[in-house]
Amino acid sequence: CSDEKCRVSHDLTDTSSKGISVISSIKWVNLNTVFFFDGNGDMIGSFRFNRKGIFLTGCVKCRTPRPLPAGEEGVFYWSVVFEGSELVLYISGEEHWRQELVGECAERYSDIQEFAFGDIGCDGVWYEVEGQMESGSHFTDNDTCGSECAE
């Protein structure tokens, strides 16, 4: 996932950003992961979650605050969005978790220019926002594997 051909260029901290939207399985053990990179292509950290917990590298480590909504075979529509200094996780269109980032944590995640997927699985589909996102050359469809990126 660190290969730039597997990344999506997108300023996630831009106030007009709709965030990252995905349809994928949310399981008890396997984590859904989104890696964040700055304008220099350096990894800032990652946002990881499953049915048990939510993790933001260097900032957040907590239990999932409430049960996930019932979904067909554990597949959900979810979005990760930065709203000012707050990071928000929406599941099935409803706010599921919100955390204000302060101090060093807020500074660390203030310049996200690219993201990449990890551990989501090939059944996942992400939604590109036209005019705001540019996917790397390894993406042929909007699959979270990024075609060759999963290899």
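**View 1. Glu95 and its link to Arg98.** Let's start with Glu95, which is partly exposed, with a relative accessible area of 35%. This is a predicted model, and in it Glu95 pairs with Arg98 through a salt bridge whose closest N and O atoms are 2.8 Å apart.

**View 2. Glu83 meets Arg98.** Here a salt bridge joins Glu83 to Arg98, with 2.9 Å between the closest N and O atoms. Glu83 belongs to strand β7 (residues 75-83) and Arg98 to strand β9 (residues 94-100), so this pair ties together parts that are 15 residues apart in sequence. Glu83 counts as partly exposed, at 31% relative accessibility.

**View 3. Glu86 meets Arg98.** Now look at Glu86, which forms a salt bridge with Arg98 in which the closest N and O atoms lie 2.5 Å apart. Because Glu86 sits in strand β8 (residues 86-91) and Arg98 in strand β9, the pair ties together parts that are 12 residues apart in sequence. Glu86 has 24% relative accessibility, so Glu86 counts as partly exposed.

**View 4. The network as a whole.** Which residues are linked in a network of salt bridges? They are Glu83, Glu86, Glu95 and Arg98. How many salt bridges does the count come to? The count is three.

Note on methods:
Residues numbered from 1 in each chain as written. Predicted model: local features only at pLDDT ≥ 70, side-chain atom pairs only at ≥ 80, totals over all residues. Heavy atoms only, no water. Salt bridge = Lys/Arg side-chain N within 4 Å of Asp/Glu carboxyl O. Helix = DSSP H or I, 4+ residues; strand = E, 2+ residues; numbered from the N terminus. Buried < 20%, exposed > 50% of the residue type's maximum accessible area, 1.4 Å probe, protein only.
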